[in-house]
Amino acid sequence: MEVQKCRTTELVNISSHRNACDPHSFRPAWWLPGGHAQTLWRRFAGASPILRHRERIELSDGDFIDLDWTAQKPGADTNNRAGQTITLIVHGLCGCSESSYVLSLQRKLGWAGICSAALNLRGCSGEVNRKAKSYHSGVSEDLDEVLTALSIRYPQQDFVIVGYSLGGNVLLKWLAESAAAIGQPVKAVAVSTPFSLAVCSRFMMNGLSQIYGRYFTRRLLSALESKKQHFLSTGVAAELEKLLALGNTATISSIWEFDDKVTAPLHGFIDAEDYYEQCSSIHYLKRINTPTLLIQSQDDPMIPPSALPQPHQLSSSLNFELQCGGGHVGFKAGNGKQWLESRILQYLAVQ
């Protein structure tokens, strides 16, 4: 059967990127033909729950991060290669360990006998975190603390890491910053990464992509208000003051405004531009030495072609796969198989 060729005329200088003409090409389900359909399918299709147990990692600043582990115990079989692998999964913006893409991957890993832990970024585990600050696209220091703790606890295990969307950006930034860090993974995968944060933020202020921008903005503002009420009811005065110092946030109407008025001041950045410039993973790709697969879609409704890295911006350790379709963390194939999960496991060589 002939594989449909990927149209690359809309992109600049991507001829050396992997496209849909190779054996790993994604072919969308006929009933989900475009990026919006693929994206919304992932959001609303859901995933069946799986058996997991929760572990809390205490952070050095007094906050915490919750991990949701699958039933397999790390190192349960020291003579089995699979028993030596721990997969850490990092979700995207407004996601958590209950996100369908996280559950689907953990289930697939479980079938392969691989232990996995889904990391809930600060405030995303169903419990308000203790600090005024939360998570953002460049919060690589939290990932570093978690991996350091796990590496000390499981010194004989290999680690692989999978990051989705915002989690992919955090992962790539951390890989570049922590080449010699404890817990350095043997492989990594980043899916639907917003490499250029400013470009993606602007993109979600126009056209149909405004749907996603407004959705995320509402979710972020709701979480912010809930945190204010929580700190007020529990008497956490110092942290409440930091949130009140942000001023009136009710008029915020875009991701850019939220990052300018909330994310930046809470996390030590001058403004949204400064935050985007310091945290965009596109600036870090050349420094990554870990073998890493980058899975992107050409029809991603949140990440325009102009936000994607060019070949000269990639290190030799990065394998960039630009698919014709798939939307944003969608990749629902037409053959009934879990294309995205299978491709991740295939690359990690844990299948």
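Me: Cys-324 first. Is that one buried, exposed or partly exposed?
Reply: Cys-324 is partly exposed, with a relative accessible area of 24%. Keep in mind that this is a predicted model.

Me: And Cys-279, buried or exposed?
Reply: Buried, because the relative accessible area of Cys-279 is 2% and the cut-off for buried is under 20%.

Me: How many disulfides does the structure hold?
Reply: The count is 0 disulfides.

Me: OK, the overall fold. How many helices and strands are there?
Reply: The protein has 10 helices and 8 strands. Of its 351 residues, 56% are buried. For contacts between residues at least 6 apart in sequence, 76% join residues at least 24 apart.

Me: What order do the strands take in the sheet?
Reply: The order is S1-S2-S4-S3-S5-S6-S7-S8, in an open sheet of 8 strands with mixed pairing. Strands S1 (52–58) and S8 (318–323) are at the edges; each has a single partner strand, so one side of each has no neighbour in the sheet. From one strand to the next, the twist averages 20°.

Me: Which way do S3 and S4 run, parallel or antiparallel?
Reply: Parallel, with 5 bridges between S3 (residues 85–90) and S4 (residues 115–120). As one example, Ile-89 has Ala-118 in S4 as its bridge partner.

Me: Now S7. How many of its residues are buried?
Reply: 6 of the 6 residues in S7 (residues 292–297) are buried, so the strand is largely enclosed by the rest of the structure.

Me: Which residues sit on which side?
Reply: Thr-292, Leu-294 and Gln-296 are on one side, and Leu-293, Ile-295 and Ser-297 are on the other; both faces are covered. In a regular strand, side chains alternate between the two faces of the sheet.

Me: What does S7 pair with on the S6 side?
Reply: S6 (residues 187–191) runs parallel to S7 and is joined to it by 4 bridges. Val-189 has Leu-293 in S7 as its bridge partner.

Me: And how many bridges to S8?
Reply: S7 and S8 share 6 bridges, also in the parallel sense. There, Ile-295 is partnered with Glu-321 in S8.

Me: Switching to helices. At what angle do H8 and H9 pack?
Reply: H8 (residues 255–266) and H9 (residues 272–279) pack at about 90°, with their axes 8 Å apart. The two are therefore roughly perpendicular.

Me: Which residues meet there?
Reply: From H8, Ile-255, Trp-256, Asp-259, Asp-260, Thr-263 and Ala-264; from H9, Ala-272, Glu-273, Tyr-275 and Tyr-276. The residues of that contact divide into 6 nonpolar, 1 polar and 3 charged.

Notes: Residues numbered from 1 in each chain as written. Predicted model: local features only at pLDDT ≥ 70, side-chain atom pairs only at ≥ 80, totals over all residues. Heavy atoms only, no water. Pairing = 2+ DSSP bridges. Axes fitted to C-alpha atoms, helices over the stretch in contact; angles between N-to-C directions. Disulfide = S-S within 2.5 Å. Buried < 20%, exposed > 50% of the residue type's maximum accessible area, 1.4 Å probe, protein only. Parallel < 35°, antiparallel > 145°, perpendicular 65-115°, else oblique. Contact = heavy atoms within 4.5 Å. Nonpolar A, V, L, I, M, F, W, Y, C, P; charged D, E, K, R; others polar.
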